Amino acid sequence: MVTADLPNNRLSWRLDHLIVAIGRASAWLWLAVLGVVLSNVFSRFVLARGSIALEELSWHLFGAAMMLSLAYAVVRDDHVRVDVLREKFSLRLQAQIELAGIVLLALPIIGLMIDSLIPYAYTAFVYQEHSQAPSGLPYRFLFKSVLPLGLILVAVALVSRASRCSTLLFNFPRAISVPADDRNGGHPHP
């Protein structure tokens, strides 16, 4: 289903803009990942000096960039799905299946994951968890906090998506028309 086929409503429009802004801002993390990986490769193979801190930083930045990109993928409808049968369904049936999947499966599972990950990050903060390697990274709670944050953003993106499905199926919330000049102003499908 192309996201443009689903009608917009005020809630989904605002949530989509928020998620797209966060996704675009977090895209800069990929440049940081690239820089750290290249520095690590240069240090290891040219200078013959490996760095555990750089290795760990590359893993953590990659994980953070990935977690903060997931919600953006949901809003843009660029996530992986099996379209073999789905593409043959009508838009209404696709919306019914998607709404049921979001409400009955995705949001409850994400809620359970967030519920488990918040204490995980908090414990790392309380104990000022750091790498077990002597030259590893401190402040692991910063990276562990990105896990529930990323999933909260995915939940927000799924609520937006569910509201768009609801607008199509039940005309609630009411559909809005998208201004033509705003089409390239941050909407997920410019």
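## About the model

The structure is a predicted model, in which local features need pLDDT of at least 70, side-chain atom pairs count only at pLDDT 80 or more, and totals for chains, interfaces and linings use all residues. Residues are numbered from 1 along each chain as its sequence is written, and side-chain values use heavy atoms, with hydrogens and water left out.

The pLDDT (the predictor's confidence in each residue, from 0 to 100) averages 88 over the protein chain, and 92% of the residues score at least 70. Please read residues 183–188 with care: their pLDDT stays under 50, and the model has 17 contacts for them beyond four places in sequence. Contact here means heavy atoms within 4.5 Å.

## Annotated spans

An unreviewed UniProt entry gives the annotation "transmembrane region" to residues 18–37, 57–75, 96–121 and 141–159. UniProt positions follow the numbering used here, feature names are shortened, and annotations may be inferred rather than shown by experiment.

Helices (H or I, at least four residues) and strands (E, at least two) are DSSP runs, numbered from the N terminus. Residues 96–121 are 100% helix and 0% strand, with 36 Å between the end C-alpha atoms. For residues 18–37 the figures are 95% helix and 0% strand, and the end C-alpha atoms are 30 Å apart.

Buried means under 20% relative accessible area, exposed over 50%, and partly exposed in between (1.4 Å probe, protein chains only). In H1, the buried residues are Ser12, Trp13, Leu15, Asp16, Ile19, Val20, Gly23 and Ser26. They cover an arc of only 165° around the axis, so they sit on the same side of H1; the arc is that of the directions from the helix axis to the C-beta atoms.

What covers these buried residues includes strand E1 (8–9), H2, helix H3 (52–76), helix H5 (140–170) and strand E2 (175–176). On the face of H1 turned away from the buried side you will find the exposed residues Arg10 and Arg14.

Asn40 lies in helix H2 (residues 28–46) and counts as buried because its relative accessibility is 7%. Leaving aside neighbours within four places in sequence, Asn40 is in contact with Ser51, Leu54 and Glu55.

Leu142, in helix H5, is partly exposed, with a relative accessible area of 48%.
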